[in-house]
Amino acid sequence: VLMKLSGGCPKLSGQLNVDAFLDQARRYDDESASPLGWYLRNAQTRQLTHPLPVARAREIDEWSRSEEFERLGIEPAPTPEELELWSPEAA
């Protein structure tokens, strides 16, 4: 959902790459560690009422890999590949 909110067109949803989006989310802080990166990030986000979708995705990704999340006992969501294996067409 966050990836689509980031500008993914419904017609192109099949071409969106979740792994690439999460990789971008994971590198978000690294890219803004330099003074120039910090300035650009601050200029881009200071007027926003909500974090950028990629920053939200980073937070969700970090939380989903945390001990706190594990204590909830929630099974991870199936990957797109796993969903294809379970689809009626695969049977």
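Is Arg41 buried, exposed or partly exposed, and what is its relative accessibility? Arg41 counts as partly exposed, at 26% relative accessibility. The cut-offs are under 20% relative accessible area for buried and over 50% for exposed, with partly exposed in between (1.4 Å probe, protein chains only).

1. Before you start: this is a predicted model, where local features need pLDDT of at least 70 and side-chain atom pairs count only at pLDDT 80 or more, while totals for chains, interfaces and linings use all residues. Residues are numbered from 1 along each chain as its sequence is written, and side-chain values use heavy atoms, with hydrogens and water left out.

2. Let's stay with Arg41, which makes a salt bridge with Asp29, their closest N and O atoms being 3.0 Å apart. Here a salt bridge is a side-chain nitrogen of Lys or Arg within 4 Å of a carboxyl oxygen of Asp or Glu. This pair links distant parts of the chain, with Arg41 in helix 3 (residues 35-45) and Asp29 in helix 2, twelve residues apart. Helices are DSSP runs (H or I) of at least four residues, numbered from the N terminus. Asp29 is partly exposed too, with a relative accessible area of 33%. Both residues belong to a salt-bridge network that also takes in Arg58 and Glu59.

3. The count comes to six salt bridges. Have a look at Asp61, whose side chain meets that of Arg26 at 2.7 Å, N to O. Asp61 sits in helix 4 (residues 53-64) and Arg26 in helix 2, so the pair ties together parts that are 35 residues apart in sequence. Asp61 also has a salt bridge to Arg65, at 2.8 Å. Asp61 counts as buried at 7% relative accessibility, whereas Arg65 is exposed at 51% and Arg26 is partly exposed at 40%.

4. On to the rings: searching the whole structure turns up one aromatic pair. The ring centres of Trp63 and Phe69 are 4.7 Å apart and their planes are at 80 degrees, so the pair is edge-to-face. Rings pair if their centres lie within 6.5 Å, with planes under 30 degrees apart called stacked, over 60 edge-to-face and the rest tilted. Phe69 is buried, at 14%, while Trp63 is partly exposed, at 35%.

5. Last, the surface charge: Asp19, Glu81, Glu82 and Glu84 gather in a negative patch. Patch residues have over 30% relative accessible area and no salt bridge, and like charges are joined within 9 Å. Helix 6 (residues 80-86) gives the most, with three residues. Asp19 lies in helix 2 (residues 18-31) and is exposed, at 61%.

Note on methods:
Patches are made of residues with over 30% relative accessible area and no salt bridge: like charges are joined within 9 Å, nonpolar side chains (Val, Leu, Ile, Met, Phe, Trp, Tyr) within 5 Å. Accessible areas come from the Shrake-Rupley method with a 1.4 Å probe; for residues, only the protein chains shown count as cover. Lys and Arg count as positive and Asp and Glu as negative; His and the chain ends are not counted. The place of a charge is taken as NZ of Lys, CZ of Arg, CG of Asp or CD of Glu. Helices (H or I, at least four residues) and strands (E, at least two) are DSSP runs, numbered from the N terminus. Rings of Phe, Tyr and Trp (its six-membered ring) pair if their centres lie within 6.5 Å; planes under 30 degrees apart count as stacked, over 60 as edge-to-face and the rest as tilted.
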